[in-house]
Amino acid sequence: MRSRAEGTAALGGDQGATRGVAAHALLRLQRAAGNRATGLLLSVQRDAMTQYEDKDWHAAAWVLKDFPHDKAIARVKGLSASRRNRLAEGAMHSPAWRETVLGLVEAVDRNAALIGRARYHLWKDEFAIAAPMLVKLDDATIRTVLRQRYGKISFEQATEMTEVAGSKEDAKRLRYLLLSGPELPHRPQVTFLPKDSHDLLAGYAAGSPLLRGYAAAKWGAKGPPRMRMIEDAAWVEFAAGQCAGRENPKTGKPMTPEELRREVANWGGFTDSASGLMYMRHSDYIAGAAIHELVHALAGAGFLHTIGFDANEGATEYFARRAAGELKVAPSDSYPKQHEVIASLAGYVGEELVTAAFFGGGNTSAIASEVNAKHAPPAVRGPGPVTTAWIAWLNLVEGPGQDLVEAAAFFGTRGIEPPVLPPTESRE
């Protein structure tokens with residue numbers, strides 16, 4: 001049985017530049033078989049590469065390495081960008097000749113060669129080697145490469161990558177991209193993220209046009225507070241201890257220790273309104289959840305005290321999803337009914353009024369006036385004695401006859417939806 005190398009040599013009539021075949025050998029072949037037959041033989045090499053494309057990019061690279069240089073360059077130029085990425089990654093699996101093919105790819109598409117190298121080293125879990133390559137790419141490309149490797153990168157490995165990324169700015173940029181992707185593959189195996197959480201939240205605040213001004217006004221150059229990540233096993237006791245004395249939003253009375261444990265068991269995170277410090281349950285960390293807590297920290301408790309727990313959580317989630325859309329990261333899916341309630345309100349009175357009330361201390365008088373002017377009795381719906389449309393809506397949102405579904409339908413609009421994220425690209 002012939003080896004793959006022997007098979008290629010037998011098919012490679014036009015390989016004098018790389019295999020030492022004398023020029024007069026080709027002339028003898030032309031005289032003996034004719035130009036047409038010689039052309040057919042020369043085309044076999046090209047077809048040999050074609051048969052491996054999209055099936056075995058290592059084999060395709062192995063065939064390409066023996067092409068004459070000008071033909072090889074033309075062949076690489078004829079590939080799409082995503083195929084050049086895969087060709088470069090395939091070549092990386094053979095150290096003996098990888099640089100030959102990577103040189104061809106780099107001559108046509110420098111990014112493709114970088115992507116191929118980075119993907120290979122990520123696949124090998126060689127994160128310290130991959131990081132300096134990644135930071136030479138633009139943010140969108142880095143996100144794509146990381147998304148394709150998710151499930152392989154732990155928080156510790158991500159930290160290792162940022163430490164060797166290059167400059168301080170490169171490290172900060174890569175940390176932000178690693179921690180703000182559509183999902184975090186392995187949850188952070190630490191209970192506290194000091195520098196990482198600060199840089200991450202500062203990046204969210206600065207990168208969102210919605211949040212940027214409020215963050216600058218509240219925190220200035222120092223940026224937002226930090227976030228603690230709490231292990232799942234310790235979450236209930238920790239959160240219950242931090243929230244001791246918290247009122248039951250339905251009764252207005254302090255929760256008993258057992259009530260509080262049951263309550264916090266359903267939380268993925270919470271924010272201390274006094275200090276602004278944020279806490280996240282280890283297994284619930286995604287970018288959108290962190291942004292939800294960031295919005296809590298920015299808005300404070302004014303809206304909560306004015307309009308109640310459910311409306312406050314709905315507004316927080318509404319603006320968190322808006323910010324996630326601006327940042328192009330995965331949004332949270334918390335409080336869906338409450339979100340719909342606030343989305344319908346914003347669609348009815350205008351998002352500007354809701355934004356001003358939520359981030360401006362909780363004064364809802366402008367919203368109430370707009371609702372009452374546009375939605376007057378007898379069209380008002382709601383349980384109990386009703387004097388205005390605003391009171392009727394509040395009864396449905398926070399009153400004894402609470403009905404969030406009815407509250408969301410009260411104004412007959414679903415409101416303004418946040419931008420839709422592009423679909424996650426699958427690994428090619």
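Student: What covers the buried residues of α24?

Tutor: The cover of these buried residues includes α19 (302-307), α20, α21, α23 (365-374) and α25 (404-409). Please keep in mind throughout that this is a predicted model.

Student: How many of the residues of helix α24 are buried, and which are they?

Tutor: A residue is called buried when its relative accessible area is under 20%. In helix α24, which spans residues 389-398, seven of the 10 residues are buried, so the helix is largely enclosed by the rest of the structure. The buried residues are Ala-389, Trp-390, Ala-392, Trp-393, Asn-395, Leu-396 and Val-397.

Student: Which residues of helix α16 are buried, and how should I read their spacing?

Tutor: The general idea is that an α-helix has 3.6 residues a turn, so residues three or four places apart point the same way. In α16 (residues 232-242), the buried residues are Trp-235, Phe-238, Ala-239 and Ala-240. Their cover includes β2, β3 and β4, together with α17 (257-264).

Student: How do I read a pair of helices, and at what angle do the axes of α20 and α21 cross?

Tutor: One looks at the distance between the axes and at their angle, and angles of 65 to 115 degrees count as roughly perpendicular. The axes of α20 (residues 309-327) and α21 (residues 336-349) come within 7 Å and cross at roughly 75°, and the two helices are therefore roughly perpendicular to each other. By class, their contact has seven nonpolar, three polar and three charged residues. On the α20 side the residues are Asp-310, Ala-311, Gly-314, Ala-315, Glu-317, Tyr-318 and Arg-321, and they meet Pro-336, Gln-338, His-339, Ile-342, Ala-343 and Ala-346 of α21.

Student: Where does a positive phi occur in a residue that is not a glycine?

Tutor: Asp-125 has a positive phi of about 60° although it is not a glycine, and Asp-125 lies in the loop between α9 (110-123) and α10 (127-134). At 41% relative accessibility, Asp-125 counts as partly exposed. Tyr-335, likewise not a glycine, has a positive phi of about 45° and sits in the loop between α20 and α21; at 25% relative accessibility, Tyr-335 counts as partly exposed.

Student: What percentage of the chain's residues count as buried, and how many helices and strands does the chain have?

Tutor: Of its 428 residues, 49% count as buried, and the chain has 25 helices and four strands. Among contacts between residues at least 6 apart in sequence, 66% join residues at least 24 apart. The chain exposes about 20,000 Å², of which carbon and sulfur atoms supply 53%.

Note on methods: Residues numbered from 1 in each chain as written. Predicted model: local features only at pLDDT ≥ 70, side-chain atom pairs only at ≥ 80, totals over all residues. Heavy atoms only, no water. Buried < 20%, exposed > 50% of the residue type's maximum accessible area, 1.4 Å probe, protein only. Contact = heavy atoms within 4.5 Å. Areas by Shrake-Rupley, 256 points an atom, 1.4 Å probe, with all protein chains shown as cover. Axes fitted to C-alpha atoms, helices over the stretch in contact; angles between N-to-C directions. Parallel < 35°, antiparallel > 145°, perpendicular 65-115°, else oblique. Nonpolar A, V, L, I, M, F, W, Y, C, P; charged D, E, K, R; others polar.
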